[in-house]
Amino acid sequence: MGQTFSEKVLGKKAGRRVRAGDVITVSPDFYLSHDNASAIISEFRKLGLKNVKAPEKIVIILDHIVPAAAEKYAQNHKTIREFVAEQKIPNFFDIQHGVCHQVFSEASFALPGKVIMGSDSHTTTYGAFGAFSAGVGRTEVASIWATDEIWLRVPETLEIGLEGKFARGVSAKDVILKIIGDHGADRANYMAVEFTGPAAGNFSLASRMTLANMAAEMGAKNGYFEPDDRTLEWLKKRARTDYEIIKSDPDAGYEATLTYDISKVEPQVACPHTVDNVKPVAAVEGTKFHQALLGTCTNGRMEDLEMAAKILKGRKIHSQIRALVLPASREVYLEALKKGIMEVLSEAGCVILNPGCGPCLGAHEGILAPGEVVLSTSNRNFKGRMGSRDSEIYLASPATVAASALAGKITDPRKYL
Amino acid sequence: MTKGRVWKYGDDVNTDVIFPGKYTYVLMEPAEMAKHALEDLDPEFAASVRPGDVIVAGKNFGCGSSREQAAACLKFAGVQAVVAKSFARIYFRNAINLGLPVCQSIEASEHLKTGDEVEIDFAAGKIIVGDKVYAFPPLPDSVIGILAAGGLIEYTKIKIGKK
């Protein structure tokens, strides 16, 4: 039997042939952290070391609460900037850049065949580029800073085969919500997920990022798309270091294979308070909400903003809705500006926020009061996540969020396309 | 062995309800973190939990964010262990790294209820309630050393010769 991508890439790092279930120690290629670097720094200090082992592998991107919303956050950022200078960490991205997962990808640390650990659960995103990337906790990253090593269990792999073409008004977000709704928030716990099949190859890199990002919501350790011409085209302009394309063998052993004909997927909505509480939009049509959020590391890229602008152009957001737009990065923001997308969104009545995590994790820029409801393109709808424990979060695609913001209630986007 | 009371919860207890995101970028003292433990799941918990108490939950405990305060706040609240049908991957690592024991037992998860008095024998892999005993599998070798050292920071200190 052949090997999966994860077995191959981790075997290469371990220097021997490995199988799912093996426990190995590896030296990652890059380790990401964000605002929680300040907590990592305090753990690192406990180790009694003067210097981190490999400063060139550390990537720190401030995104969670940017610009600082209160003195305590400002102090966190200051601590991080001082540490970056002290340790001569070359890859530091201050508050102007955007969400870490988008910025990390644009700056081309997300490369095929790399092993990347990050102190953020959505580190799975870089599988869109054929990397092995997994989230870990802060203490774990402090230990990596000290040793340049981490133990990993080689994961089993769940294959998700995608075929067909998107129906009108349907996008990658609907597909991943459908998969999570069908199989549950723990279907891929401890596992790798490989997205395969002809449709996966037709997905834009932005759409691949949406799927790999939300693989975390199935419990996955990492997500993966096989690099192809689209990936190479992206890398041609951006890659600054060598990389190696690693693919699963045709006879790789998968834990299971799920298949989806995406042409049969309708717009989906994840209802409160779990990501796997998914229904077709028709089942919740008419549900009232107060705030719309378009953006984040899940759906804040050009294709997402363009889709929303297509629906919102020349129209006005419903008077009872506050619509927030959160571009994933400064690069996305600039491109959307140049293409006139921001103008369309602003004229429709949207509030354009600075690139970053914004209200997604409930720390600033659009917190919910008791009894309020948000319809969001983000990736998590846990109770209390975006504010009051008595608020509610629905998750949907950019098209559904834009159309619903016009209607003032959850609405099928196909009516507006 | 310490006797503790069971606090029983359901499936998919996520990191946001264990420790809300709005607190995660504020460096908090242990006692302060303990005060917010399980705030959005069970507002009674933090005020009433006693040292040695045990959390018993269903599948996928700790799903969601990588924030390790979701493990730390329970430890600081005095919880001696979490028993669940299964743990989310990052939570499992974080708990071990911070020295919060996690026990996987479908049977115990199904039978134990809030208020039960339990004792846990970690060496033998047993959860004892009255005359009933539920076994749980030993932790993988790869992590036993980390727990034995008292968590990943202490373990790493030994590894790099700072202890």
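Figure 1. The model shown here is predicted. Chain A has a radius of gyration of 21 Å, close to the 22 Å that the globule rule gives for 417 residues, so it is as compact as a globular protein of that length. Its C-alpha trace spans about 60 × 55 × 40 Å along the principal axes. Of the 417 residues in chain A, 59% are buried.

**Figure 2. Four strands of chain A form an open, parallel sheet.** The strand order is E10-E9-E8-E11. Strand E10 (222-225) and strand E11 (256-261) of chain A are the edge strands. Each of these two pairs on one side only. Direction ignored, neighbouring strands of this sheet are turned by 20 degrees against each other on average.

**Figure 3. Strands E8 and E9 of chain A run in parallel.** E8 covers residues 157-163 of chain A, and E9 covers residues 192-196. Their pairing extends over 5 bridges. One pair of bridge partners is Ile160(A) with Phe195(A), the latter in E9(A).

**Figure 4. Helix H8 of chain A lies across E9 and E10.** The helix comprises residues 205-215 of chain A. H8 runs at about 155 degrees to E10(A). E10(A) is also an edge strand of the sheet in Figure 2.

**Figure 5. Chain A meets chain B.** The contact involves 45 residues of chain A and 35 residues of chain B. On the chain A side, the elements that give two or more residues are helix H2 (37-46), helix H3 (71-86) and helix H5 (138-147). H5(A) supplies the largest share, 6 residues. By type, the chain A side divides into 14 nonpolar, 18 polar and 13 charged residues.

**Figure 6. Seven strands of chain B form an open, mixed sheet.** The order is E4-E3-E2-E1-E5-E6-E7. Strand E4 (102-104) and strand E7 (132-135) of chain B each have a single partner strand, so one side of each is left without a neighbour in the sheet. From one strand to the next, the twist averages 30 degrees.

**Figure 7. Strands E2 and E3 of chain B pair in the parallel sense.** E2 spans residues 54-57 of chain B, and E3 spans residues 81-84. The two are joined over 4 bridges. Ile55(B) has Val82(B), in E3(B), as its bridge partner.

Note on methods
Residues numbered from 1 in each chain as written. Chains lettered and ligands numbered in written order. Predicted model: local features only at pLDDT ≥ 70, side-chain atom pairs only at ≥ 80, totals over all residues. Contact = placed C-beta atoms within 7 Å. Nonpolar A, V, L, I, M, F, W, Y, C, P; charged D, E, K, R; others polar. Rg over C-alpha atoms; globule rule 2.2 N^0.38 Å. Buried ≥ 20, exposed ≤ 12 C-beta atoms within 10 Å, placed from the backbone. Pairing = 2+ DSSP bridges. Axes fitted to C-alpha atoms, helices over the stretch in contact; angles between N-to-C directions.
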